[in-house]
Amino acid sequence: MTTSTNTAVLLADGGPAGVPACAGMDPEVFFPAYSSEPGNGPTQEEREALAVCAGCPVRGWCLERDLEECPTTYQVVGVRGGMRQADRRALHVQRYGVRAPYRAGGER
């Protein structure tokens, strides 16, 4: 069975009660080829991943673990904890004051 990183940790080490909605799903669902930018609506691929997260009983745990495990914003990738990459990066910056690194096509 293939699982996402957070799901694998939860199933192996325990955590909050409940089975993750993504258990048994292909993790690639949560890493869309094209991620939306801040201020834009989610892409179709992101909406599909967000729909899986919507009813997940461990969504909050997943989000918190992901934010704690990512020391810099460039490591915040994909959809996790019911939030798309752009929104989690913004939350990461808000919480930790870490700005996103240089991005191709953007100013330094």
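## Surface and overall layout

Accessible area is worked out with the Shrake-Rupley method, using a 1.4 Å probe. On that basis, the protein chain in this predicted model exposes about 6,500 Å². Carbon and sulfur atoms supply 52% of that area.

In other words, the protein chain has four helices and zero strands. Of its 108 residues, 32% count as buried. Contacts also reach across the sequence: among those in the protein chain with a separation of 6 or more, 49% are between residues 24 or more positions apart.

## The nonpolar core

Let's look inside. Nonpolar side chains in soluble globular proteins tend to be buried together. Here, the largest nonpolar core is made of seven residues: C22, F30, A49, L50, V52, C53 and V79.

Leaving aside residues up to four places away in sequence, A49 touches V29, F30 and V79. Both F30 and V79 are also members of the core.

## Salt bridges between helices

Side chains of opposite charge can pair when their charged atoms come close. How many salt bridges does a search of the whole structure find? The search finds four.

One of them joins the side chains of E64 and R95, with 2.7 Å from N to O. E64 lies in helix α3 (residues 59-69) and R95 in helix α4 (residues 85-96), so this pair ties together parts that are 31 residues apart in sequence. E64 is partly exposed, at 29% relative accessibility, and R95 is partly exposed too, at 38%.

A salt bridge also forms between D66 and R88, whose closest N and O atoms are 2.8 Å apart. Because D66 lies in helix α3 and R88 in helix α4, the pair ties together parts that are 22 residues apart in sequence. Are these two residues buried or exposed? D66 is buried, with a relative accessible area of 4%, and R88 counts as buried at 0%.

Finally, take a look at R84 and D87, whose side chains meet in a salt bridge at 2.8 Å, N to O. R84 counts as buried, at 6% relative accessibility, whereas D87 is partly exposed, with a relative accessible area of 30%.

Key: Residues are numbered from 1 along each chain as its sequence is written. This is a predicted model: local features need pLDDT of at least 70, side-chain atom pairs count only at pLDDT 80 or more; totals for chains, interfaces and linings use all residues. Side-chain values use heavy atoms; hydrogens and water are left out. Helices (H or I, at least four residues) and strands (E, at least two) are DSSP runs, numbered from the N terminus. Buried means under 20% relative accessible area, exposed over 50%, partly exposed in between (1.4 Å probe, protein chains only). Contact means heavy atoms within 4.5 Å. A nonpolar core is a set of buried Ala, Val, Leu, Ile, Met, Phe, Trp, Tyr and Cys residues joined through side-chain atoms within 4.5 Å.
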